[in-house]
Amino acid sequence: MFFILLEGCGLSGKRISPIYIDEGGGIGRSERDIAECCPGTAVMPGLSVHGGSATSSDKCMEKWLRDGGAL
């Protein structure tokens, strides 16, 4: 999975706010997996966006980022 890309990136002390594009499978244990491969990071609750609506999800993403304190 993409988690391999995160390992060794020096993200300790950083906040990760994952966005998932899926077709209905949801987040699963992705947040837990990210936390395990990136020790020392704060993994925020992710946003799951249905693939079919990804191109029109800008307002939803902006609200999610504002509510989470990223904007």
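## Paired strands

D22 stands opposite H50 in strand β4. Strand β4 covers residues 47-50, and β2 covers residues 19-22. Strands here are DSSP runs of E with at least two residues, and helices are runs of H or I with at least four, both numbered from the N terminus. Strands β2 and β4 run parallel and are joined by four bridges; two strands count as paired if DSSP finds at least two bridges between them.

The side chains of β4 alternate along the strand. Buried means under 20% relative accessible area, exposed means over 50%, and partly exposed lies in between (1.4 Å probe, protein chains only).

## Basis of the model

This is a predicted model, in which local features need pLDDT of at least 70 and side-chain atom pairs count only at pLDDT 80 or more, while totals for chains, interfaces and linings use all residues. Residues are numbered from 1 along each chain as its sequence is written, and side-chain values use heavy atoms, with hydrogens and water left out.

I16, Y20, I34, C37 and C38 make up the largest nonpolar core. Such a core is a set of buried Ala, Val, Leu, Ile, Met, Phe, Trp, Tyr and Cys residues joined through side-chain atoms within 4.5 Å. Neighbours within four places in sequence aside, the residues in contact with I16 include I34, C38 and T41. Contact means heavy atoms within 4.5 Å.

T41 lies in the loop between α2 (30-37) and β3 (42-43). With a relative accessible area of 15%, T41 is buried. Its side chain reaches the backbone oxygen of C38 at 2.7 Å.

## Salt bridges

The model has four salt bridges. A salt bridge is a side-chain nitrogen of Lys or Arg within 4 Å of a carboxyl oxygen of Asp or Glu. R29, D33 and E36 are linked in a network of them. Between R29 and D33 the closest N and O atoms are 2.6 Å apart, and between R29 and E36 the N to O distance is 3.7 Å. R29 is partly exposed because its relative accessibility is 39%, while E36, at 55%, is exposed.

K63 forms a salt bridge with D67, with the closest N and O atoms 2.5 Å apart. These two residues are separated by about one helical turn, because they are four residues apart in helix α3 (residues 58-67). Both K63 and D67 are exposed.

Notes:
A polar contact is a pair of N or O atoms within 3.5 Å; within protein, one must be able to donate a hydrogen and the other to accept it, and residues adjacent in sequence count only if both atoms are side-chain atoms.
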